[in-house]
Amino acid sequence: MTTPRPLHSQDKRSPAVAEAMAGFHRDIVDQVRTAVERDPVVVVGMAQNPFVKKVRDALTQAGIQFTYLEYGSYFGQWKQRLAIKMWSGWPTFPQVFVRGVLIGGFDDTRKALEDGSLKKLLG
């Protein structure tokens, strides 16, 4: 498994850019942030994405409970998903968070399940 990476930190940005990013679909980002801070495992995904379904199935088969947040599909809500990507710093879905740490997508989660590191993160 790759080393879990912390949530996206503020890079060097002009105040205007930082303000625009902070306000971009703020309600959606706040929903995700709240779930990530509150729940041990959170999967953020979108309808019709096979890797989102695969990661949910893998977690279920491993007996790991998780919160699932879905934002649109390939046909809609792309701006909301873009806001989530900007916040997390991760370019694709699913986005899997364990104890507030983004561990990655499907491949990273599968590896963490196989090597036992995901359960270690859950403590």
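**A walk through the sheet and its helices**

Guide: Let's start at a pair of residues: in strand E4, Val 101 is the bridge partner of Val 98. Keep in mind that this is a predicted model.

Visitor: How many bridges join E3 to E4?
Guide: Three, and the two strands run antiparallel. Another of the pairs is Val 96 with Gly 104 in E4.

Visitor: What sits between the strands in that hairpin?
Guide: Two residues lie between E3 and E4 there. Arg 99 takes a positive phi near 50° in this hairpin.

Visitor: Zooming out, in what order do the strands of the sheet come?
Guide: The order is E2-E1-E3-E4. These four strands make an open sheet with mixed pairing.

Visitor: Which strands stand at the edges?
Guide: E2, residues 67-70, and E4. Each has a single partner strand, so one side of each is left without a neighbour in the sheet. From one strand to the next, the twist averages 25°.

Visitor: And what holds strands together in general?
Guide: Strands of a sheet pair through backbone hydrogen bonds, parallel or antiparallel.

Visitor: How does E1 pair with E2?
Guide: In the parallel sense, over four bridges. Val 43, for one, has Tyr 68 as its bridge partner in E2.

Visitor: How does E1 run relative to E3, parallel or antiparallel?
Guide: Antiparallel, with four bridges joining them. Val 41 has Val 98 in E3 as its bridge partner. That is the Val 98 we began with, the partner of Val 101 in E4.

Visitor: How many residues of E1 are buried?
Guide: Five of the five, so E1 is largely enclosed by the rest of the structure. Both of its faces are covered. Val 41, Val 43 and Gly 45 are buried on one side, and Val 42 and Val 44 on the other.

Visitor: Why two sets like that?
Guide: In a regular strand, side chains alternate between the two faces of the sheet.

Visitor: New topic: helices. Which strands does H4 lie across?
Guide: E1, E3 and E4. H4 runs at about 45° to E3.

Visitor: Is Ile 84 buried or exposed?
Guide: Buried, with a relative accessible area of 0%.

Visitor: What does Ile 84 touch?
Guide: Leaving out residues up to four places away in sequence, its contacts are Ile 28, Val 29, Val 32, Val 44, Tyr 71, Phe 93 and Gln 95. Val 44 is one of the buried residues of E1.

Visitor: Now H5. Which of its residues are buried?
Guide: In H5, residues 106-115, they are Phe 106, Asp 108, Thr 109 and Ala 112. They cover an arc of only 165° around the axis, which puts them on the same side of H5.

Visitor: What do those buried residues pack against?
Guide: Helices H3 (50-61) and H6 (117-122), plus strands E3 (95-98) and E4 (101-104).

Visitor: At what angle do H3 and H5 cross?
Guide: Roughly 15°, and their axes come within 9 Å. That makes H3 roughly parallel to H5. The crossing is left-handed.

Visitor: Which residues meet there?
Guide: From H3, Phe 51, Lys 54, Val 55, Ala 58 and Leu 59. From H5, Phe 106, Thr 109 and Leu 113.

Visitor: And what comes just after H5?
Guide: Gly 116, which takes a positive phi of about 80°.

Notes
Residues numbered from 1 in each chain as written. Predicted model: local features only at pLDDT ≥ 70, side-chain atom pairs only at ≥ 80, totals over all residues. Heavy atoms only, no water. Buried < 20%, exposed > 50% of the residue type's maximum accessible area, 1.4 Å probe, protein only. Arc of directions from axis to C-beta. Contact = heavy atoms within 4.5 Å. Pairing = 2+ DSSP bridges. Axes fitted to C-alpha atoms, helices over the stretch in contact; angles between N-to-C directions. Parallel < 35°, antiparallel > 145°, perpendicular 65-115°, else oblique. Left-handed = near helix turned anticlockwise from the far one by under 90°.
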